[in-house]
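Open your viewer and keep the selection tool handy. This tour goes from stop to stop, with something to pick at each one.

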There are 2 protein chains.
Amino acid sequence: MKDVRDTKTRILDTAEKLFAGNGFHGTSLRDITKDAGVNLAAVNYHYGSKDALFEEVFRRRFLPINRIRREKLEKIREEARQENLRPSAREVLQAFLAPVLHFRETEPGAAAFITLVGRTISEPDDRLREILMGHFRPNFFLCFAILCEALPHIPKDVLFWRLQFSIGAMSHTLFLLGHAKVFPEGVIPDLDAGTITDLIVSFVTAGMETQ
Amino acid sequence: MKDVRDTKTRILDTAEKLFAGNGFHGTSLRDITKDAGVNLAAVNYHYGSKDALFEEVFRRRFLPINRIRREKLEKIREEARQENLRPSAREVLQAFLAPVLHFRETEPGAAAFITLVGRTISEPDDRLREILMGHFRPNFFLCFAILCEALPHIPKDVLFWRLQFSIGAMSHTLFLLGHAKVFPEGVIPDLDAGTITDLIVSFVTAGMETQ
DNA sequence: ACATCTTTCATACGTTTGATTAAAACAGGT
DNA sequence: ACCTGTTTTAATCAAACGTATGAAAGATGT
């Protein structure tokens, strides 16, 4: 067997990049294969269809991110239980939000993927959005559950919406980081992932704990 | 002259609805004209192009919303100046965010438009996003300026990002309200615009004032 | 060296898209 | 009733799309 990875992952990397930049429907298979330097038919040969390629882009990235997120969240929950304390809302939100931004800076090519996630959250095409949500939902509910333990005096539906607000803040930020030119000149000060993470975690923690 | 409005605004209303539901690229002129019960060529006759139609959808709705927003914001600024006080961050954010949600409930067909706005913020197509931003930017900067007066002890770039977080929370919420089926069953409690407004304003105000 | 399986390639198919056109239908002023 | 300008209609265009195919090229095991 020849080195399959070459052509196959080159398609995947290019697809990730172009999907992030121009959206799923704004990226044709001809764009992808041309940019990747492979034949047009290679996508359907290796992945079956454009949809399946899109799905694989998400699968590859979400597996490690979700594993880290899950481990961090459950560790927080367990440690709180053993000490008979409530989990700290800040730590929960940190565990939920930080891996994404951290991942963005470390893994090469991940920045494009993160932008793609930000886009896909409000993707008109239900099929595509469901691919994302399938990966996202389990950890969302886990985070929500621990948050309810952290702030038991706040009604659950309020916490639910506040977590949604946090996700909105996060996804919008991810999008802005991938599109610096939304605002003119140097209006957006480009901070590193760590600073942004602190800013956003402080923001949503304050919002989450209010009242 | 015949009643132009009939065909012309029927196209506009239908376009707004379908663009919101399926996105700009997911909606063909054939979809719009079929749903509106007019001929395919009518769009190009009345609006010139699909792009121009999209632009008109935004123009129609943003003019009144922006007027209200602007009046509210400048009133807050003036009243604070006359009493030699700082504007209240909560009032500023309320003035910035509430009109959109309020508008959503009152004006018929506005709900679709609001969903469309939520989508277009992270639209891959730069041309389309710029149409939205052209309407949005002036009020954003006005809000930002008054916010700096309200919280002078917080660095401006921190306030800038926090306002972005608020916008993210807002736009994500607008999207969710238009797509109740993102989460299973009755997971999302459907609250009225007033309640949601209070929730989100409290959330972002707490985040804005923290430290 | 041969036979077999995998991968690449150029090319084509059938749809759908936004846009255009010329003719038909309609309206209002006189 | 007639002319004039506006609106609607059906038909057609070229371009772009995802996908399919069969032949060529390459790799692998013996």
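Rings of Phe, Tyr and Trp (its six-membered ring) pair if their centres lie within 6.5 Å; planes under 30 degrees apart count as stacked, over 60 as edge-to-face and the rest as tilted. By that rule, there are 33 aromatic pairs over all chains. Select A:Phe24 and A:Phe54: their ring centres are 5.0 Å apart and their planes stand at 75°, so the pair is edge-to-face. A:Phe24 sits in the loop between α1 and α2 (29-36) of chain A and A:Phe54 in helix α4 (residues 50-82) of chain A, so the pair ties together parts 30 residues apart in sequence.

A short note before you move on. This is a predicted model, in which local features need pLDDT of at least 70, side-chain atom pairs count only at pLDDT 80 or more, and totals for chains, interfaces and linings use all residues. Residues are numbered from 1 along each chain as its sequence is written, chains are lettered from A and ligands numbered from 1 in the order in which they are written, and side-chain values use heavy atoms, with hydrogens and water left out.

Next, show chain A as a cartoon. You will find nine helices and zero strands, where helices (H or I, at least four residues) and strands (E, at least two) are DSSP runs numbered from the N terminus. The C-alpha trace of chain A spans about 60 × 45 × 30 Å along its principal axes.

Now bring in chain B. Contact here means heavy atoms within 4.5 Å, and 49 residues of chain A are in contact with 49 residues of chain B. Across this interface the rule finds five residue pairs in polar contact (both at pLDDT 80 or more); such a contact is a pair of N or O atoms within 3.5 Å, where within protein one must be able to donate a hydrogen and the other to accept it, and residues adjacent in sequence count only if both atoms are side-chain atoms.

α8(A) gives the most, with 16 residues.

Finally, which surface do the copies use? 100% of the interface residues of chain A are also interface residues in chain B, so the copies meet through the same surface.
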